[in-house]
Amino acid sequence: MTDLIRSWVETANRADCPFPLNNLPFGVFSAGDAPRCAVAIGDKVLDLAALQSAGLLPESGFHEPALNTFMGKGKGAWQDVRDKLTDLLRAGNETDAVRAALYDMADVAMHLPFQVTEYTDFYAGRQHAFNVGSLFRDPENALPPNWLHIPIGYNGRASTVVVTGTDFNRPMGQLKGPQDDAPSLGASRRLDIELEMGAVVGIPSAMGEQISVDEADDMIFGYVLLNDWSARDIQAWEYQPLGPFQSKAFATTIGCWVVTKMALDPFRCDAPKREKELLPHIKDTGPMLYDIDLSVTMAAPGGKPKIICETNYNTLYFSAAQQLAHHASSGCAMRTGDLLGSGTISGPEKGMFGSLLEMTWGGRDPLTLDGGETRTFLEDGDTLALHGHAQGDGYRIGFGPCVGTILPAKSTREGRP
Ligand code: CA
């Protein structure tokens, strides 16, 4: 385990600061002007476009309102920029040029950190798959027969991936409960969250090209927190046989900071023991999961946030590198800005479940929130936040929160030309 690297930005040296010099997560910010690339350091945002203009960083597309150009450059360029930033921000190295490029985090707006070119969502949480299989089928046959062999996924919607703090309307959809004679169109009444991590692809792969797990790991630029909002009632009616469609197409929220693989390197850990030997294209080649503590807080309108889930990324069965290698195995091209959702991350016990569906066991056992309100699924005005950090010795690598508030359903086509 590495030690804290001290910075002249004093707030970065606090043990509970999510953004020490060891982290340097990348994002896109604006301060009443054009969005451009940044890193977080302490309680500040560092303007990378300004540093690039000053000749302190190589040409990396940092003036653009997305990280894609930089992400496409590969690990040599990523490491070079990280090394230069570490040097510029290290304790004792303070300069006027860098100080002038710092903004108070509280004063800036954060944007979607990269252009999401494609979005795929996987299902690699074993406890989640077991819980959902138990709820929808039966505990004896909870895991689908392919589950231990393939990282299962579906192609999601990049168009509705939004950055933390973006509120959205409760989805409308076609609903048909078990007691209903016919489907009806209405607002979802079983709106849920899914606690996930998103892997962000930096280096693309060509159509027809297969990639190894190690190559896939090298292609990944970093990770974000991801909430795969899910309408369970729409899902239950539509999902067979092609999987989720509109039930997950209306919003996916990601955090505003992409934590790089370089920052997470000291926290790598092995995947769980394999019950079935994996086929060669996705065989484990080393520790490729990460020890990242995750939690979810929920607040009713006007209420205080309450922790409703605490779990860890290391409980997943397949790593993002294995998912990516499998994704390309047919010849599917992967692109810079491809976002891969991990699947819901549920630990083995109640209190560690990453969706309300599991926490309330299908709506049977309501949760009690801070103000005494009870919930099975989300009500309008509820605010959900995902949190995550890897705990080092005297420092932590934080992701910043991933937050969304539910607005009432919008059933008319108001405002359309
Ligand atoms: Ca999901």
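**View 1. Salt bridges across the predicted model.** The structure holds 20 salt bridges, a salt bridge being a side-chain nitrogen of Lys or Arg within 4 Å of a carboxyl oxygen of Asp or Glu. This is a predicted model, in which local features need pLDDT of at least 70 and side-chain atom pairs count only at pLDDT 80 or more, while totals for chains, interfaces and linings use all residues. Residues are numbered from 1 along each chain as its sequence is written, and side-chain values use heavy atoms, with hydrogens and water left out. Side chains of opposite charge can pair when their charged atoms come close.

View 2. In the pair of Asp33 and Arg36, the closest N and O atoms are 2.9 Å apart. Asp33 is partly exposed at 39% relative accessibility, whereas Arg36 is buried at 10%. Here buried means under 20% relative accessible area, exposed means over 50%, and partly exposed lies in between (1.4 Å probe, protein chains only). Glu94 and Arg99 form another salt bridge, with 2.4 Å between the closest N and O atoms. Glu94 is partly exposed at 43%, and Arg99 is partly exposed at 41%. Finally, Arg364 bridges to Asp365, the closest N and O atoms being 3.0 Å apart. Arg364 counts as exposed, with 60% relative accessibility, while Asp365 is partly exposed at 24%.

View 3. Which residues coordinate the calcium ion? They are Asp121 (OD), Glu194 (OE), Glu196 (OE) and Asp228 (OD), at 2.2 to 2.3 Å. Donors are N, O and S atoms within 2.8 Å of the metal (3.2 Å for Na, K and Ca), and sites may look incomplete because water is not among the atoms. Along the chain, the donors of the calcium ion follow the spacing D-x72-E-x1-E-x31-D. Helices (H or I, at least four residues) and strands (E, at least two) are DSSP runs, numbered from the N terminus. Glu196 is buried at 0% relative accessible area, and Asp228 is buried at 0% too. Glu194 and Asp228 also belong to a network of salt bridges that links them with Asp192, Arg232 and Lys248.

**View 4. Strand β6 and its two partners.** Strand β6 (residues 118-122) is mostly covered, with 4 of its 5 residues buried. Two strands pair if DSSP finds at least two bridges between them. With strand β22 (residues 338-341), β6 pairs in the parallel sense over 4 bridges. Asp121 has Gly341 as its bridge partner in β22. Strand β7 (residues 153-155) runs antiparallel to β6, and 3 bridges join them. There, Phe122 stands opposite Gly153.

**View 5. The buried side of helix α3.** The 15 residues of helix α3 (residues 75-89) should span 21 Å at 1.5 Å a residue, which agrees with end C-alpha atoms 21 Å apart. The expected span is 1.5 Å times one less than the number of residues in the helix. Trp78, Val81, Arg82, Leu85, Thr86, Leu88 and Leu89 are buried in α3. Why do they lie on the same side of α3? They cover an arc of only 165° around the axis, the arc being that of the directions from the helix axis to the C-beta atoms. An α-helix has 3.6 residues a turn, so residues three or four places apart point the same way.

View 6. A disulfide is a pair of cysteine sulfur atoms within 2.5 Å, and a search of the whole structure finds 0 of them. For Cys17, the nearest cysteine sulfur is that of Cys256, 14 Å away. Cys17 is buried at 7% relative accessible area, and Cys256 is buried at 8%. The closest cysteine sulfur to that of Cys256 is in Cys402, 9.2 Å away and too far for a bond.

View 7. A cis peptide bond, with omega about 5°, joins Gln240 and Pro241. Pro241 is placed in the loop between α7 (232-238) and β16 (252-254). Leu24 has a positive phi, near 50°, in a residue other than glycine. Leu24 lies in the segment before β1 (26-30) and is buried at 1% relative accessibility. Trp361 also has a positive phi near 50°. Trp361 is found in the loop between α10 (356-359) and β23 (367-368), where it counts as partly exposed at 27%.
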